[in-house]
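Trainee: I have not seen this structure before, and I would like to understand what stands behind the words used to describe it. Could we go through them one at a time?

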Amino acid sequence: MLNFTIRRLVLAVPTLLFISLVIFLLLELAPGDPMAQVPLTVPPEVKEKMREALGLGQPMHIRFWKWIVQFFWIEPQVLIDHMFGTTFSEGDLRVISWQTRSPVMDIVVQRIPQTLWVVGTAYVVAILIALPIGIYSAYRQYSWFDQMGTFVSMVGFSVPPFFSGVLVIVIFSVQLGWFPSIYDTTLVVNSWDSFMLQLKQMIMPVMVLALQITAQLSRFMRASMLDNLNQDYVRTARAKGLSEYTVVMVHVLRNSMIPVVTVIALGIPAIFGGAIITEQVFKVNGIGQLLIGAIQANDLPMVQTLTFIFAVLIVLFNLIADVLYGILDPRIRYD
Amino acid sequence: MTDHDRTDTLIPDEGLAPASTALPTTDVMEELATPPRSQWRDVWDQFKTHKGAMLGAILFIFIVAGVYLGPFIWGIDPTQIDIRSRNQGPSWAHPFGTDQLGRDILARMMSGGQTSVSVGITAMLLALFLGSFIGVLAGFFRRLDGPLMRLTDLFLALPLLPLLLVMMLLFREPLSAAFGLERGIFILIVCAIGITSWMPTARIVRGDVLAIKEREFVLAARSIGTSNSQIITRHILPNVLSPIMVSATLGIATAIITESALSFLGLGFPPDFPTWGRLLFDGVDYLQQYPERVFWPGLAISLTVLSVNYLGDGLRDALDPRIRGR
């Protein structure tokens, strides 16, 4: 198992390098000039200087190498400095945003808590809803509850978040006036009232994100339970005279959870991607909105870094899912 | 259902039937009289029993027909500006009302639907072609299997939505300069969605090809000297058709949602060229006063995707010979 984990970790390095190269080349080979917005009255030699200042003067491979060094070598040092008060990274150049002229990672670190808070809550809520629904639909297959579950999850698949989000804004915030339509990230929770406000503004984005995840997870849970319910060991457990609760909730559920746990792990990066739209609808200033803003402002270093962070998340959680599968299911040990 | 099954089992005996007419019961005679059934007939019979799939198919055909044939009946030009009758509610002249420039929303919904549905279908075809091509190559030729599947894994590890957004940002101007504004963006969106959504199809097709390649009929074809390309097109491709068809329906759904998402984020088609996603995006500005402007395009997207998903669900059941006939 350890062998397998190490092998996967080593394989993840070329994958990440390839992805960073794809992102870099995509931004590099794309036509379009970052100096296009500069007024025509600026003389060409000044423009050339501005180019140099943005780090655009050197050939492509050198800039790729510099970016790799900045991202994988200097940024971790900055993190260590920040945590332990050391001075490893002093004087090193960091990835600088063209919009704000400050290091990209500083802005990302400011934005990540908002995203994590909303996305994380939505994921937990969705798991808590989806698992019981999946278990019960499988246990009573083709009952009206199961049919309802199938329909609701089909709807959850089909209604895109930019529609369900706008719909709940119309209903709960415009018509009923229960919840604010804009997520206020400056709110400081220090009293009961502000806690209620925070709860109120989180309900709608969490609801929209959770609907989608619930739809997928509950279907998966149901399929996995159905696979196990007809197995021989279940009949044995029943024949031994175990209570129905023990048979379903201990014997079947434990075995059905193996693939579901990996799907939960695999879904986390996708959720960050999906949150881009939800953040845009509810004006949450998380990393999704940061990405959209950077794209609209043509801030290439920021776009590059953020896209790469999404890629790292995907690779990391794929790895976690694989390892989890091996740990949970002794039949699969890969060696 | 049982009736058909008995017919199926009798088909191989048909040639012998006249010789063995020692005790022909009328029941058997009747069954022999029915012509042999094709595979697609069985698929259709199974498909018909799935109510959701039938409803989905009817709804999808209805939406596609309404979007493409509707403009012949509803003759108002979607771009015609009538500033005097702007922001009207539903009336007989404008069943869905008019927008802030007095353009008829029903006409705009139809023309937006044409774009959305054609983007969905074209992008699906591209993804399907790429996916089947890579899947068949990887499954059939052992030497290509490793590299092609690593490539698929790498593509699966790419963050798709951010990359799509970046592609839209970077290639929008050159392409619209080369092919004209509308066609350029159409090509861009179709290619972007197609290139980023072929991976599931490739994986499924590869798995099926790997299994079929070892079957006797492929060996038989090879032993009479059939070339590789002939084996692929005449023996392998028809047998992997069912997973391809299922991923085709699901592909339309994802392509429509992705296109709408891009338009919703303001990186899709230009404002004067409506799609359902763009209409929804434009409607958000008037959310407080005219919520129905958001409602109609959103409902159109959701219903189309829902119908296609149900269609795919039914198709999957109908094409699976293990489920069919039960």
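This is a predicted model: local features need pLDDT of at least 70, side-chain atom pairs count only at pLDDT 80 or more; totals for chains, interfaces and linings use all residues.

Trainee: What makes α8(A) and α9(A) a packed pair, and at what angle do they pack?

Mentor: Two packed helices are described by the angle between their axes and the distance between the axes. Here the angle is about 145 degrees, and the axes of α8(A) and α9(A) lie 11 Å apart. The contact is made by A:Tyr233, A:Val234, A:Ala237 and A:Arg238 on the α8(A) side, and by A:Val247, A:His251 and A:Val252 on the α9(A) side. Sorted by class, this contact holds five nonpolar residues, one polar and one charged.

Trainee: How do you know which element of chain A the predictor is most confident about?

Mentor: Since pLDDT is the predictor's confidence on a scale from 0 to 100, one compares the mean values of the elements: helix α8 (residues 232-239) of chain A has the highest, 90, whereas helix α2 (residues 44-53) of chain A has the lowest, 74. For chain A as a whole the mean pLDDT is 81, and 93% of its residues reach 70 or more.

Trainee: Why is A:Leu291 said to be in contact with a residue of chain B?

Mentor: Two residues are in contact if their C-beta atoms lie within 7 Å, and, leaving aside neighbours within four places in sequence, A:Leu291 has such contacts with A:Ile276, A:Val303, A:Leu306 and B:Pro162. A:Leu291 is also among the residues with the most contacts inside the largest nonpolar core, which has 141 residues, and B:Leu164 and B:Ile189 are listed there too. Helix α5 (residues 105-140) of chain B gives the most to this core, with 13 residues.

Trainee: What makes up the contact between the two chains, and how many residues does each chain give?

Mentor: Chain A gives 37 residues and chain B gives 33. On the side of chain A, α11(A) gives the most, with eight residues, and by class that side has 30 nonpolar and seven polar residues but no charged ones.

Trainee: Which kinds of element does chain B contain, helices or strands?

Mentor: Chain B has 14 helices and zero strands. Of its 326 residues, 40% are buried, a word that asks for 20 or more other C-beta atoms within 10 Å of a residue's own. Among contacts in chain B between residues at least 6 apart in sequence, 69% join residues at least 24 apart.

Technical notes. Residues are numbered from 1 along each chain as its sequence is written. Chains are lettered from A and ligands numbered from 1 in the order in which they are written. Helices (H or I, at least four residues) and strands (E, at least two) are DSSP runs, numbered from the N terminus. A residue is buried if 20 or more other C-beta atoms lie within 10 Å of its own, exposed if 12 or fewer, and partly exposed in between; C-beta atoms are placed from the backbone. Ala, Val, Leu, Ile, Met, Phe, Trp, Tyr, Cys and Pro count as nonpolar, Asp, Glu, Lys and Arg as charged, and the others, Gly among them, as polar. A nonpolar core is a set of buried Ala, Val, Leu, Ile, Met, Phe, Trp, Tyr and Cys residues joined through C-beta atoms within 7 Å. Axes are lines fitted to C-alpha atoms, for helices over the stretch in contact, and angles run from 0 to 180 degrees between N-to-C directions.
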